[in-house]
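Here's a quick briefing for anyone meeting this structure for the first time. Have a look at the model, then follow the points below.

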Amino acid sequence: MLEHFAIAVTIVVVAVPEGLPLAVTLSLAFAMKKMMNDKALVRHLAACETMGSAMSICSDKTGTLTTNHMTVVKACICGQIKEVSSSVETSTLCSGIPDSALKMLLQSIFNNTGGDIVQNEDNKIEVLGTPTETALLEFGLLLGGDFQAEQQKSKLVKVEPFNSAKKRMGVVLELPGGGFLAHCKGASEIVLAACDKVIGSNGEVVHLNEASTNHLKGTIENFASEALRTLCIAYKELGNEFSAESPIPFEGYTCIGIVGIKDPVRPGVKESVAICRSAGINVRMVTGDNINTAKAIARECGILTDGIAIEGPEFRVKSEEELRELIPKIQVMARSSPMDKHTLVKHIRTIFEEVVAVTGDGTNDAPALHEADIGLAMGIAGTEVAKESADVIILDDNFSTIPTVAKWGRSVYINIQKFVQFQLTVNVVALIVNFSSACLTGSAPLTAVQLLWVNMIMDTLGALALATEPPNDDLMKRQPVGRKGNFITNTSGKTVFHIEGPDSDLILDTLIFNTFVFCQVFNEISSRDMEKINVFKGILNNYVFVAVLSCTVLFQIIIIEFLGTFANTYPLTLPLWFVSISLGFLGMPIAAARLIFTFNYTCVRAHTHTNPSRIRRNKSRETVYWNPISSRLMTVANLSGEKNKGRREKRERARGGVNKRKHYVTHSFKGFVLYARIAYFCHKCYVFL
Ligand SMILES: Nc1ncnc2c1ncn2[C@@H]1O[C@H](COP(=O)(O)OP(=O)(O)OP(=O)(O)O)[C@@H](O)[C@H]1O
Ligand SMILES: [Ca+2]
């Protein structure tokens, strides 16, 4: 009783794949630890694996693809384009700029800012703020401005800080001589649209006519096509009437100038984008910046190739049908608001059912990071809001860490897949062997201790071995599995026979079907004579047999090669025909081997249970054995071959062959029952599945 109980418990222990959760956790934890060495901090454990199935990456530009170290390198003030660099003297920079314009520019730069300039302990000047702000403040210093003095001159009445939706920033100053003045800076084409005047080359304010508008627009386009981020700086006199409660008006501005800010592309981005491409991951750029700047940078990174670039406001108004057509082609989305980024990610996820990864650093990326299947935030330049919304933090702010994360994700997926396939096979075999033998014989072939050892090998140690397999570079050469990928695949079958292409499933099915039919054909031949090994002997004498067999083969060829649509088959190549026929033929040697085995086995058994009465009947005093297959006594000579054939035939004739026929009938009946049982079992399995 106790023994049976122990066996039952062991079988249950073997049957439960308790190594699976272990393998999953182990694989994830292992990947997480290794990813930490590769400068990726995983915040949610499951994210390790999700990244492996990513099909699409939406990346923002500033700070992710670019370094986020910004400097003003070009400026267009009073119609003059100036090259700016720290080596240029203030006097040369300011030459040609009228005093009034310079004064207004410095007032704007130093008052309309979210940054600050302080003196640190070493008496060095330090510029604080977001990269765009610091770039502008440094430009102001280069122009010879004094931050503190400029700020003390006038009183700040109202501030509308920068946000990514409006893409501009504005302040209102109360001037020392009385009256209010509004300053605005922001996305160049947006601010320029609010201007109707411009400071001319002599410092006078002139109406913005078509020629000057086109000149400014051309300048913006020129700067942008050089991958520069452009900002337009403008002011507006508000007169004496302004209350701090009312919003800053946004029309009738006077344009002071346009600056071009350089933000170089991070080294290694191009290579990383190429790796993602070859791994079947679609990389898109979604940025708040100008479309031309975005295009230029996207080309430099290898993101923009043959796809399209679209602007946020245009994207926003498209219907769902239009988006369905458009989204697969979009490679760059510029001037996007945080909600545009979010909408794009949501549509890729829901309409196309792709697994989407989003990378970002700013507060404007937070909604998209949150919506994505996996959010990756930049660790150094990233804002707290972005990091909070992300699943993985890229500690070195390097875009090339992203393919590494994807590689680890794929390795986790593959490792778990390998383990599941390993465990499925081992578990099922161990279970069937033990369960069936316990049912049939009452005892399991493996003892409890043995079973527990087997269980340990296949569960715990198996998990440890397979889950910690490190990734190889080949992982990034295959397509992502995506959301609908099959976890348990039949690729093994396909890879064995080198079946590829879109019809590979059908080809594999046809191969199985063909092999099955040829198994039957050869089985038919094997069944011609149950006693003899050479079943081909005299085959041509039976015309019916030959005709039936030939017709079967002929029809099979027609079905496979020509009746594809009707029979759901696919024409097989010559090597695949060879494979299926050979596999079908395998049954024959197996049948022959079984014949030899049972023959010898029964002989040996007969020898041990020799019936003395029958031995005595042999006149030539040879040792005779009882062969149950042919139901007759045989000498050693009989067993080994065709010797004494004449005598045997004579004896058979004397017996009238009655016994033999009776034997065949029982055999066929037993066979029929067995087949019926197998068929019934298969049917049950099918229904169960
Ligand atoms: N501090 C600022 N003051 C005024 N305008 C700004 C400021 N910062 C950025 N801009 C303008 O707003 C635009 C959009 O900025 P936004 O924050 O939406 O995206 P981004 O940081 O340029 O790009 P990404 O989404 O790729 O990070 C910029 O192209 C720039 O013209
Ligand atoms: Ca950004």
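The side chain of Ser-336 reaches the backbone oxygen of Thr-287 at 2.7 Å, a polar contact, meaning a pair of N or O atoms within 3.5 Å; within protein, one must be able to donate a hydrogen and the other to accept it, and residues adjacent in sequence count only if both atoms are side-chain atoms. This is a predicted model, so local features need pLDDT of at least 70 and side-chain atom pairs count only at pLDDT 80 or more, while totals for chains, interfaces and linings use all residues. Residues are numbered from 1 along each chain as its sequence is written, chains are lettered from A and ligands numbered from 1 in the order in which they are written, and side-chain values use heavy atoms, leaving out hydrogens and water.

**Around Ser-336**
- You'll find Ser-336 in the loop between β16 (330-334) and α14 (338-350); helices (H or I, at least four residues) and strands (E, at least two) are DSSP runs, numbered from the N terminus.
- Ser-336 counts as buried, at 1% relative accessibility (buried is under 20% relative accessible area, exposed over 50%, partly exposed in between, with a 1.4 Å probe and protein chains only).

**Ligand 1**
- Thr-287 turns up again here: of the 20 residues around ligand 1, it is one of those that come nearest, along with Lys-61, Arg-229, Asp-289 and Lys-341 (near means that a heavy atom of the residue lies within 4 Å).
- A polar side-chain atom of Lys-341 sits 2.7 Å from an oxygen atom of ligand 1.
- Glu-133 has a side-chain N or O atom 2.9 Å from a nitrogen atom of the ligand.
- The protein covers 94% of the 620 Å² of accessible area that ligand 1 has on its own (Shrake-Rupley method, 1.4 Å probe; for residues, only the protein chains shown count as cover).
- Two or more shell residues come from each of α6 (131-142), β9 (180-187) and β12 (228-239).

**The calcium ion (ligand 2)**
- Asp-60 (OD), Thr-62 (O) and Asp-361 (OD) coordinate the calcium ion at 2.2 to 2.6 Å; donors are N, O and S atoms within 2.8 Å of the metal (3.2 Å for Na, K and Ca), and water is not among the atoms, so sites may look incomplete.
- In sequence, those donor residues follow the spacing D-x1-T-x298-D.
- Asp-60 is buried, with a relative accessible area of 5%, and Thr-62 is buried too, at 13%.
- Thr-62 also has a backbone N or O atom 2.9 Å from an oxygen atom of ligand 1.
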